[in-house]
Amino acid sequence: MDSEKPLVRYGQLWSPEVMEDVHVKAELGRYRIRGFSTLKKFISFDELTFVPCTLSRIPLEGYREQCTTETVLGTRFAKKPIVLKTPITIAGMSFGALSRNAKVALGRAATRVGITTTTGDGGMLMAEREASEQLVYQVLPSRYGFNPHHMRMANALEIVIGQGAKPGTGGVLLGQKVSEEIGAMRELPAGVDQRSPVRHPDWTGPDDMVVKIEELREATDWEIPIYVKIGASRVADDVKLAVKAGVDVIVLDGTEGGTAASPDILMDHTGIPTLAAVVEAKAALQEIGMDGVVQLVVSGGIRGGVDAAKALALGADAVSIGTGALIALNCNRPIYIEDYHALGTEPYACHHCHTGRCPVGITTQDPELMKRLDVDEAADRVANFINSMTMEIQMLARACGKSNVHDLEPEDLRALTLDASFVTGVPVVGTNLVFGRPDLWPQAHSNGHRDEMNHHQANGKQGKKKGKRTHEERTR
Amino acid sequence: MERGGGLVLVLLAIRFIGVPYTPDGFASPHEDKHKALSSTQLHPLSLQDGGDASVSTIFTIKERVCMAVTLDCATLTIREINTSIKRLALEGEREIHLIHPEARHNLGVAVFDPVTIVVEGTAGYFCGSMNDGATFHVLGNCGWSVGECMLNGEIVVERNAASGTGASIRGGTVVVKGHVGARTGVAQKGGLIVVGGDTGYMTGFMMQRGTMIICGNAAEGLGDSMYSGTIYLGGEATQLGNDAVISEMNEEDKRFLSETLAKYGLSHKRALADFKKIGSGGRLHNFSKADFELWRVAM
């Protein structure tokens, strides 16, 4: 060490990142807007581990025995529920946020693997409808591009209350991405900084939503499922209100959820992590007797099959991927590196979706940039990624002795940290101790099928699902 | 009562009430002859008594009578009402009367056929919403969001309507001859909204395209954050919304106002000279830090 050079010490409170943030805002005069998702570390699925079968449980033979992945969404009221070949869907992302090639590639991939894609804040792109065999049509506060005829062409509807990246706030699409085509679709002047309202134009609270859902069912002859998408905030209350309003499926987006453009303070400082959200939602559904009647889809930071399997074990019926699907397309891939540098970033660190200058042609309306995304090759990549997720989920389920991925349960998990145990009600590794308050979330801290098993035991029958013990039995 | 006098009374009843329809189809065994009648041919039809469903047979003359079909909402579910409307429209019926609507919600949702639906009373939420090409005439009041997300067609409400009137319409015309509530024409994307009376808070919020005529007064926030489009205001605005500005009316504006108000019998509501033309000032199209006082509310 050079003794004449003082040691450079960076502060924790006024870190270089915080100082840079102040410098930028001192020029901008507003909050910062960017794409991607939160850069903060939240409590995550990484703090759980599976405890597969060994001697006390019998595993399924990984290479021979079937493990079912079929998932049905919308069984409550719809005549034609959605049937997925695997418990994964592709989240709503608008044509406008994404390029035409990206939307078509996602649609083709989804068709190939038997899942759904979802439109976004801008309406239905006909090319996506043609590419995606099962398409969920979003009904957003903005109603940009909303068309009743397109609504009747959809396989399901999704009323969007909010998303995890920016709960309680409307959308933003900066002027550089509002091309002539996007402007025409959204009935806006090209080049405007589009701001979307946060409230629906025609209804306000959950009591109105009852009537709105009936309207949508009337408009679609009660045939297709109605989802509601909520940014994870006051999850228990929101879930109960949505169920009471008459939805078929709840899509819950944790704070890790992605976005093409949002104020970064919302990404980092609003909403709750997906890990906590799924537990809270499951407990709410169980409390009101709607577990298994209304399906739960969770999204927000689902990075692969492991996260998906853990979400299923904690109570989700399916997961939804957005950022993961874009990364599979080519997002942040180390190609066209000079264009990453021109944005002031690097591959693996790029979150500049809001600029419209996506180096790999995904989140852009620039025709030259969009050409960099070959639709068929991109569709292959996304299909491969989803298939890899399916195999990962199945592997973990078989290892836990489950012949159906939906039989994964909290009992198959252990918490690696006290925080994770507190939030999920799963015992800490090496102990049978749960750190939390069972009185707050009694269902989360107990076996969800306890009552059913107790009933069967009282009647001399075996529990419906093997290996399930009550909370009391686990902690005895 | 002599047969001749009874026939006259029944004909008058048919003229004003129309022919009732049940979800299972016409009660008459002669329904397939209904449309093939000559102008002088008598045709037996069955009327269903709304109370105990008893059937009485009468005769009517098709010529010069209003052969509109009626649906008695008091005896039908919303599903039955809407299914009947769509089926009747597909079968070629061009006028359907909804009697005893009793402020039911979701009457005539997503009708895509050129049929006229007369609501003989008050409708609830979402009357005529998401319609493309149909005509609605509501003789009473309307609840929230009449005509929301409409693509094309016409809705005329004789009395008042609640909040969200014409929310996010993309085309067509919504006329309310009385007063309307808050957020009228919010996020309007095209078409025409005409209000004979006053309008509430945040009318025209985030308007994108289209035209609105308000003959009366407007509460706070008129035209807030408009991207584009035009609002003609006959009365006074408590407070214009962010970036809503008044501009000069030209001859074309005046002609449009005069013709439109005359068409809907609203010319007497306000003198042409009282109207002001309101549009977007354009300052909220792209963020500017120099306009902080404007943007602090809008963003």
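Modeller: Two residues are in contact if their C-beta atoms, placed from the backbone, lie within 7 Å. Please keep in mind that this is a predicted model. As a case, leaving aside neighbours within four places in sequence, Ala89(B) is in contact with Val111(B), Asp113(B) and Val115(B).

Colleague: In which element does Ala89(B) lie, and does it count as buried or exposed?

Modeller: Ala89(B) lies in helix α2 of chain B. A residue is buried if 20 or more other C-beta atoms lie within 10 Å of its own. Ala89(B) counts as buried because it has 20 C-beta neighbours inside 10 Å.

Colleague: Where is the place of Gly356(A), and which residues is it in contact with, leaving aside neighbours within four places in sequence?

Modeller: Gly356(A) is found in the loop between α12 (337-342) and α13 (367-370) of chain A. With neighbours within four places in sequence left aside, its contacts are Gln176(A), Lys177(A), Thr364(A), Gln365(A) and Asp366(A). Gly356(A) has 23 C-beta neighbours inside 10 Å and therefore counts as buried. As for Glu158(A), it is 198 residues away from Gly356(A) along the chain, with 26 Å between the two C-alpha atoms.

Colleague: How are two packed helices described?

Modeller: Two packed helices are described by the angle between their axes and the distance between the axes. Take helix α7 (residues 235-245) and helix α9 (residues 274-287) of chain A: they pack at an angle of about 45°, and their axes are 8 Å apart. That angle makes α7(A) oblique to α9(A). The crossing in which α7(A) passes α9(A) is right-handed.

Colleague: Which residues of α7(A) and α9(A) meet, and how do they divide by class?

Modeller: From α7(A) come Val235(A), Ala236(A), Val239(A) and Lys240(A), which meet Ala277(A), Glu280(A), Ala281(A), Ala283(A), Ala284(A) and Leu285(A) of α9(A). By class, this contact has 8 nonpolar, no polar and 2 charged residues.

Colleague: At what angle do the axes of α6(A) and α7(A) cross, and is the crossing left-handed or right-handed?

Modeller: Helix α6 (residues 206-219) of chain A and α7(A) have axes that come within 8 Å and cross at roughly 40°. Their crossing is right-handed. Pro206(A), Met209(A), Val210(A) and Ile213(A) of α6(A) make the contact with Leu241(A), Lys244(A) and Ala245(A) of α7(A). The contact of α6(A) with α7(A) has 6 nonpolar, no polar and 1 charged residues.

Colleague: What is the domain assignment of chain B?

Modeller: Chain B has domain 1 (3-61), domain 2 (68-162) and domain 3 (166-299). The C-alpha centres of domain 2 and domain 3 of chain B lie 26 Å apart. Each of these two gives 18 residues to the contact. The domain 2 side divides into 9 nonpolar, 5 polar and 4 charged residues. Over chain B, the secondary structure comes to 4 helices and 14 strands, and buried residues make up 48% of its 299 residues.

Colleague: Finally, how many residues of chain B are in contact with chain A?

Modeller: The contact takes 36 residues from chain B and 24 from chain A. Elements giving two or more residues to the chain B side are α2 (78-90), β10 (189-195) and α4 (292-298) of chain B. By class, the chain B side has 18 nonpolar, 12 polar and 6 charged residues.

Note on methods. Residues are numbered from 1 along each chain as its sequence is written. Chains are lettered from A and ligands numbered from 1 in the order in which they are written. This is a predicted model: local features need pLDDT of at least 70, side-chain atom pairs count only at pLDDT 80 or more; totals for chains, interfaces and linings use all residues. Axes are lines fitted to C-alpha atoms, for helices over the stretch in contact, and angles run from 0 to 180 degrees between N-to-C directions. Angles under 35 degrees count as roughly parallel, over 145 as roughly antiparallel, 65 to 115 as roughly perpendicular and the rest as oblique. A crossing is left-handed if the near helix is turned anticlockwise from the far one by less than a right angle, and right-handed if clockwise. Ala, Val, Leu, Ile, Met, Phe, Trp, Tyr, Cys and Pro count as nonpolar, Asp, Glu, Lys and Arg as charged, and the others, Gly among them, as polar. Domain bounds come from an automatic or database domain assignment. A residue is buried if 20 or more other C-beta atoms lie within 10 Å of its own, exposed if 12 or fewer, and partly exposed in between; C-beta atoms are placed from the backbone.
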